[in-house]
Structure formats: structure tokens, C-alpha cells
Amino acid sequence: MVVYRREPQRVLLTVIIVAGVALIVMSGRFSGTLRSGAHDAMAPVRSTVDRAFQPLRNVAGDITDYRPLQAANQRLRRTAADLRGQLRRNRGVGAEVGELQKLIDLPNVEDATGIAARVTGGAPGNFDRTVAINKGSAKGMRVGYPVVTGEGLVGTVTSVSTNQATVTLVDSPNLGVGVRLETSNAVAITEPRTGDRSIPLAFISDPFAQVQKGELVFTAAVNNAAFPPAIPVATVTSYSKGPQDLAPTITVAPLVNLDNLDFVKVLRWPDPTAASG
Amino acid sequence: MGIRRIRLLLVVITLLVLQTSVFTHLRVFDAVPDLLLVATIAMAYESGPMPGALFGFAAGLANDLFLTTPLGVSALAFALTGYAVGLFQTGLIRESRSIYPLLGGVGSVAGNILFILIGGIAGHDELFAAHHIQVIIVAALYDAVLANAIFPFMRWATRTDVGRAWPPG
């Protein structure tokens with residue numbers, strides 16, 4: 001058994017605690033640069049390890065899936081997702097004509113050029129709702145760019161290093177998205193809760209809006225929005241409004257399966273004419 | 001830099017690479033293991049409270065670089081966990097290997113609760129969520145299992161007699 005003298009320990013422990021608190025307080029000033037540098041420094045090693053462990057990760061899949069069949073299946077899934085997304089966007093645009101007439105100069109999702117990226121992994125921690133993608137500032141990636149798949153909105157880029165970026169997912173409590181309901185055109189903001197894959201809507205513009213289960217929710221068309229208008233986000237899964245309630249309770253489920261992402265497209269937004277990297 | 005420090009640095013880098021690459025694909029019920037937290041607990045078990053706290057601070061800071069919470073949250077949580085485990089281990093009989101998963105699991109619960117408390121106080125209110133009870137429990141089980149591999153690794157890294165080779169006896 002080892003016996004330790006307590007007094008110097010307490011002083012050192014106090015120094016550690018003060019250093020930790022100081023780091024937290026000043027984190028906002030330099031965390032971006034430090035994190036970007038750390039990602040860049042680790043990128044080659046992580047990439048090598050990732051490739052080395054890929055067969056191990058595929059073991060479970062390989063037991064049931066023949067590789068070429070799996071690849072073909074993935075291609076077909078992406079095509080189907082693109083077509084479903086196109087169909088939904090058409091529904092959204094159809095319902096939004098009047099609104100767009102008022103915002104005639106507003107750029108839309110078709111104007112934004114994109115950066116295709118592969119999802120390389122989930123969050124390394126237990127309390128983040130993010131994914132990592134394999135494109136970074138070298139390809140023109142910037143913080144704030146929206147991320148989509150063919151099916152709809154995935155999230156937004158929240159940190160960027162040279163060859164990698166982190167995407168905060170649309171069901172993360174750290175991300176609220178301005179949305180518009182398909183039939184009523186009422187606008188609201190998503191208010192995700194920790195650990196819950198379904199998302200409640202808050203600040204609904206029309207408390208008497210008629211909402212149906214299964215109707216789509218799109219990104220709202222407002223000036224200086226973080227997301228282009230008319231991107232399908234979610235589908236309404238529940239709606240209730242008691243006689244005493246001032247506003248309805250609406251819950252939506254993301255259209256994209258956020259737990260099984262493969263390839264994504266990052267939109268150059270709000271500068272859709274930015275040159276490709 | 002002494003050989004012991006180089007080994008500890010290699011341990012931190014190795015575990016950090018595994019944490020940020022391989023284990024991001026091995027999420028179970030929304031939980032991943034905290035390899036560097038388990039390493040901190042092992043360090044405290046092998047070397048005592050202050051080495052545990054110092055290693056925990058450095059390992060936590062490295063971990064923070066890959067998270068979205070403010071820098072310093074993991075550093076502080078891991079340092080306090082390392083210190084607490086270091087104090088606790090002075091009263092343990094250090095013969096049985098069966099203590100590894102127990103310490104790994106209990107230390108993981110303590111470390112993650114501290115992380116949530118510190119992160120919540122730092123402004124991340126979303127960390128105070130009932131769902132995280134489930135995450136903490138699953139992560140603790142994960143950490144308990146991996147402690148069987150990480151504790152011997154840390155014993156090798158912390159030993160001062162450089163002539164002895166892996167695996168540790």
C-alpha cells in the first residue's frame with residue numbers, strides 16, 4: 001500500500017482544477033484552431049487505422065451480404081433516395097409558389113453547388129450527435145454549410161479541418177432548423193431532445209394550423225436562413241392540441257436515417273456561387 | 001523525455017486513434033467506450049492520485065480536441081476521476097485482476113457523471129437528459145470489459161524497469 005502526503009497534492013489538484021476551469025472559460029477563443037490542428041495531425045494515422053480495421057467492421061456484414069450485391073444495393077438505395085427527395089422537393093415547391101413569389105430573388109437549393117463526401121465515422125464521445133466526413137477546407141468546406149442526402153436534410157457543418165469536417169445532425173439538441181409545414185405553410189423551429197430520434201416543433205407561427213400525420217416538413221424560406229428553402233426535413237408523426245392549449249404539440253421524424261449514413265452532399269450555402277475546391 | 005513518458009504519450013495517441021476511428025463505428029445503444037478515461041483510471045490505480053490526475057488532465061484534453069463540448073470539460077472530469085480513483089486505490093489489496101473491470105466500470109460512471117455536471121455548468125444544458133443515464137450505464141459496461149485489456153497496457157506503460165518486455169506479468 002502506498003501512502004501519499006496530502007498537502008502538496010491538494011495544491012497541485014487546485015492548480016489542475018483552476019487550469020481546467022480557465023480552459024473551459026477561454027475555450028471559445030482558440031478551440032477552433034486547436035481542434036482543426038489536432039484533426040489534421042491525426043488524419044493520416046486515423047485514416048490508416050480506419051482502413052486496417054475496415055475488414056473487421058465488415059465481418060458482420062459479410063456474413064450475410066455478398067460484396068458486389070451490397071455495392072449494387074447501395075447504389076440503388078442512393079438512386080431511390082434521390083428520386084424520393086426530388087419528389088418531396090416538388091411537393092414542397094408546389095405548395096410554396098405563393099411564398100416564393102414574395103421572395104422572388106431568394107436563391108434556392110437548386111442554385112447551391114455541392115461537395116460530395118463520405119461519412120467516415122460517428123461521434124467519438126458519448127454525448128455528441130455528430131458524424132465525421134472525409135472532405136475539409138481543402139475542398140472548399142466551411143462551417144455552416146448545410147448537409148443533405150437525396151432523401152433530405154442531414155445537418156450542418158460545425159467544424160472543419162484541412163481534410164475532414166464534423167457535421168452536427170438535425171436531431172442534435174444543439175441544432176434548431178426553421179421549417180415550414182407542407183399543407184398549412186405554418187413555420188416553426190425544430191427543438192430536438194437528447195436521445196430522442198423524433199423532434200418536437202416549437203414557435204409554431206399559426207397555432208390553428210391544420211396538420212396531418214404523415215405530411216412533410218421542409219426548410220423554411222426566409223431571408224438570411226442557414227438552410228436553403230424547400231429541403232425536405234422530416235415527416236409529421238404526431239399532432240395534438242387540447243382545448244386549453246395555446247399551441248399544438250407537433251412531433252416530426254427525420255426523413256434521413258441518421259444512424260446509417262453513407263454518402264452526403266454538402267451545399268455551398270449561403271454563398272451558392274462559391275467556386276468549387 | 002524519459003522512456004516512461006514516451007510510453008505514456010504512445011498510449012494516449014494509440015487510444016485516441018482507436019477512440020476516434022475504430023470505436024466510432026462500434027456504438028452500442030448510443031454508447032461508445034471511453035478508452036482514455038479507462039486509461040486514466042488504470043494510471044491512478046498503478047501510480048496514485050496525483051499521477052492519475054495529471055495523466056487524466058492530459059488525456060482528457062486530448063479527448064476534448066475531438067468533441068464538440070468546450071475544451072477542458074473532459075480534462076477536468078478525467079483529472080478529478082483519476083484523483084479520486086488514486087485515493088481509493090491506496091486502500092485496495094492489489095493482487096487480483098478481477099478488480100480491473102470493477103474499477104473500470106465504477107470509474108467510468110463517475111467520470112461520465114462529472115463530464116455531464118461540468119459540461120452542463122459550462123452551458124451545455126442538453127447534457128442533463130434522462131437518456132444519458134442509459135448511455136452512462138452502457139458505456140460503463142463497455143469500459144468494464146475493455147479495462148481487462150487497458151489495465152495491463154497501462155501497467156506496461158507506467159513501469160520504470162525498462163528492461164522488461166510486453167506482456168506484463
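Me: Two residues are in contact if their C-beta atoms, placed from the backbone, lie within 7 Å. How many residues does the contact take from chain B and from chain A?

Reply: This is a predicted model, in which local features need pLDDT of at least 70 and side-chain atom pairs count only at pLDDT 80 or more, while totals for chains, interfaces and linings use all residues. Residues are numbered from 1 along each chain as its sequence is written, and chains are lettered from A and ligands numbered from 1 in the order in which they are written. The contact takes 38 residues from chain B, and from chain A 38 residues.

Me: Which helix gives the largest share of the side of chain B that touches chain A?

Reply: Helices are DSSP runs of H or I with at least four residues, strands are runs of E with at least two, and both are numbered from the N terminus. At least two residues each of this side come from H1, helix H3 (49–64), helix H4 (73–89) and helix H6 (131–158) of chain B. The largest share is five residues, and the helix that gives them is H4(B).

Me: How do the residues on that side of chain B divide into nonpolar, polar and charged?

Reply: Ala, Val, Leu, Ile, Met, Phe, Trp, Tyr, Cys and Pro count as nonpolar, Asp, Glu, Lys and Arg as charged, and the others, Gly among them, as polar. On that basis the side of chain B that touches chain A has 23 nonpolar, twelve polar and three charged residues.

Me: What ipTM and pTM does the predictor give the complex, and what is the mean pLDDT of chain B?

Reply: For the complex the predictor gives an ipTM of 0.85 and a pTM of 0.82. pLDDT is its confidence in each residue, from 0 to 100. In chain B, 92% of the residues reach 70 or more, and the mean is 89.

Me: In which helix of chain B is confidence highest?

Reply: The secondary structure of chain B comes to six helices and zero strands. Confidence is lowest in helix H1 (residues 3–20) of chain B, at a mean of 91. It is highest, at 95, in H2(B).

Me: At what angle do helix H2 and helix H5 of chain B pack?

Reply: Axes are lines fitted to C-alpha atoms, for helices over the stretch in contact, and angles run from 0 to 180 degrees between N-to-C directions. The axes of H2 (residues 35–47) and H5 (residues 99–121) of chain B are 9 Å apart, and the angle is about 115°.

Me: Is the crossing of H2(B) and H5(B) left-handed or right-handed?

Reply: A crossing is left-handed if the near helix is turned anticlockwise from the far one by less than a right angle, and right-handed if clockwise. The crossing of H2(B) and H5(B) is right-handed.

Me: Which residues of H5(B) make the contact with H2(B)?

Reply: By class, this contact has five nonpolar, four polar and no charged residues. H2(B) brings B:Leu37, B:Val38, B:Ile41 and B:Tyr45. H5(B) brings B:Leu103, B:Gly104, B:Gly107, B:Ser108 and B:Gly111.

Me: What percentage of the residues in chain A is buried?

Reply: A residue is buried if 20 or more other C-beta atoms, placed from the backbone, lie within 10 Å of its own, exposed if 12 or fewer, and partly exposed in between. In chain B, buried residues make up 56% of the 169 residues. Chain A has three helices and twelve strands, and of its 277 residues the buried part is 36%.

Me: With which residues is A:Ser36 in contact, leaving aside its neighbours within four places in sequence?

Reply: A:Ser36 lies in helix H1 (residues 6–64) of chain A. It is partly exposed because 19 other C-beta atoms lie within 10 Å. Outside the four places on either side, its contacts are A:Val160 and A:Ser161.

Me: Is A:Phe203 buried or exposed?

Reply: A:Phe203 lies in the loop between strand S8 (199–202) and strand S9 (216–219) of chain A. Its phi is positive, about 50°, although it is not a glycine. It has 12 C-beta neighbours inside 10 Å, so it counts as exposed.

Me: Over which residues of chain A is the pLDDT below 50?

Reply: Chain A averages a pLDDT of 81, and 81% of the residues score at least 70. Where pLDDT is low, the predicted coordinates should not be read in detail. The stretch below 50 has two contacts in the model beyond near neighbours in sequence, and it covers residues 100–104.
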